[in-house]
Amino acid sequence: MSGKPRLTYLNGRGRMEPIRWLLGAAGVEFEETFLETREEYEKLIKGGSLLFQQVPLVEIDGMKMVQTRAILSYIAGKYNLYGKDLKERALIDMYVEGITDLMQMIMMFPFSPPEEKEKNFNSIKEKATNRYFPVFEKVLKQHGQDFLVGNKCSWADVQLIEAILAVEEKIPAVLLGFPQLQAFKIRMSNMPTIKKFLQPGSPRKPPPDDHYVETVLKIFKN
Amino acid sequence: MAGKPKLHYTKGRGRMESIRWLLAAAGVEFEEEFIEKKEDLEKLWSDGSLLFQQVPMVEIDGMKMVQTRAILSYIAGKYNLYGKDLKERAWIDMYVEGTTDLMGMIMHLALHSGDTKEKHLALIIERATNRYFPVYEKALKDHGHDYLVGNKLSWADIHLLEAILMAEECKPGILSAFPLLQAFKGRISNVPTIKKFLQPGSQRKPPPDDKYIANVRKIFNF
């Protein structure tokens, strides 16, 4: 049961991407199994591997872990990306939860009906610019440190750089009013493990395209 | 900043109820400040008290904590309801994410009406009976202990009891196929702090009625 963690999901970002990012940032090599058909998914369910019949599934340290947040918390804890005490963990959790709400909007966007796409796009832009990015800009400005919590790279920083890049894919100039975040983005992108993860050929997945959306609808139709 | 935690939310269950449950189970007395009209929320915004402009917000240990999961994780960690090590925490997290998904469905039920409400209710009952409850029934059966993780009361047990009671409000007798969960329900309900919380006059909130929902819609604009 030892060896590299194995990730089971579709061949795309979805709910697994933050997990790929966190393992990538922690410098942990992992393997992936991609679900391509409904039959494969049903087989996985029948086999009893999925606690709540859902993916993501990450086989790690003898456990078949499900539920994205549980998996991310475990990885963060294991690889010292979760702060030094309960209070730092509380801050990291708060920041991560906020970023997750923003990322959820981005994740769901390709599945919005055509008539709602413009509204949802504007909502992402508005929330990123008025609700989420200002919080992190202020945090970095106030303590003047390189990382969000405890002067050390944590899960919150990895989640934030992922979110910044995801929003920029939709709104290239989104960081215009956020000089701290611009500097943060460069710093984080240059961390060796993250730099490697951002290079072509890494496990990082591309933005969702029509084929991916189709596959999701096909496999998870319910 | 010492003193009792102070909870800021509307006077109903919503996203704050799991926090009330956990504090109560931990034997922690807390105060509540209720948002009764839009002006109350606006005051919290203008005070800068809400990191992402949202409630729940809990003032605890000098922090103004937001994001339900972050708050619950902090309380669980602080009051030794989060297992003894990383792996126990992983199991607690997985179980809690499952009950969160189930209770999330039930929370949304109140926002539906008519036909969609009936359909949604049917889905809740289906998921509770086929996806969620079997997992916890099996966990208890496999190890034969009184509690879900580590033979000790944890956040997972408290959350499961809350979910069971909410599901029973949807369909009395929903536990009929789950003898171990029935026994679990009896046992955990009799934990002194929880027994107290289940008595009339406690800070436990009733299920949402139409009046509450109408007010919530008005305050939060949806």
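Within chain A of this predicted model, 16 residues of domain 1 are in contact with 13 residues of domain 2, where contact means heavy atoms within 4.5 Å. Because the model is predicted, local features need pLDDT of at least 70 and side-chain atom pairs count only at pLDDT 80 or more, while totals for chains, interfaces and linings use all residues. Residues are numbered from 1 along each chain as its sequence is written, chains are lettered from A and ligands numbered from 1 in the order in which they are written, and side-chain values use heavy atoms, with hydrogens and water left out.

On the domain 1 side, A:Arg15, A:Trp21 and A:Arg69 supply 38% of the area buried against domain 2 of chain A, more than any other three residues.

Three salt bridges are counted between them, a salt bridge being a side-chain nitrogen of Lys or Arg within 4 Å of a carboxyl oxygen of Asp or Glu. A:Glu169 and A:Arg13 form a salt bridge, with 2.9 Å between the closest N and O atoms. Three residue pairs across this interface of chain A are in polar contact (both at pLDDT 80 or more). A polar contact is a pair of N or O atoms within 3.5 Å; within protein, one must be able to donate a hydrogen and the other to accept it, and residues adjacent in sequence count only if both atoms are side-chain atoms. On the side of domain 1 of chain A that touches domain 2, α1 (17-25) and α3 each supply at least two residues, and α1(A) gives the most, with five residues. Helices (H or I, at least four residues) and strands (E, at least two) are DSSP runs, numbered from the N terminus. By class, that side of domain 1 of chain A has nine nonpolar, two polar and five charged residues. Here Ala, Val, Leu, Ile, Met, Phe, Trp, Tyr, Cys and Pro count as nonpolar, Asp, Glu, Lys and Arg as charged, and the others, Gly among them, as polar.

In chain B, 18 residues of domain 1 are in contact with 15 residues of domain 2, and the two domains bury about 1500 Å² between them, 65% of it on carbon and sulfur atoms. The rule finds two salt bridges across this interface of chain B; B:Glu169 forms a salt bridge with B:Arg13, the closest N and O atoms being 2.8 Å apart. Five residue pairs are in polar contact between the domains of chain B. At least two residues each come from α1 (17-25), α3 (68-78) and α9 (210-220) on the side of domain 1 of chain B that touches domain 2, with α1(B) giving the most, five residues.

The chains themselves meet through 33 residues of chain A and 34 residues of chain B. About 3000 Å² is buried between chain A and chain B, of which carbon and sulfur atoms give 62%. In chain A, A:Phe52, A:Met94 and A:Arg131 lose the most area to chain B, together 21% of what that side buries. Two salt bridges are counted between the chains; B:Arg69 forms a salt bridge with A:Glu97, with the closest N and O atoms 3.7 Å apart. β4 (63-66), α3 (68-78), α4 (86-108) and α5 (114-143) of chain A each give two or more residues to the side that touches chain B, and the largest share, 10 residues, comes from α4(A). The residues on this side of chain A divide into 15 nonpolar, eight polar and 10 charged.

Conventions. Buried area is the accessible area (1.4 Å probe) that two parts lose on being put together, summed over both.
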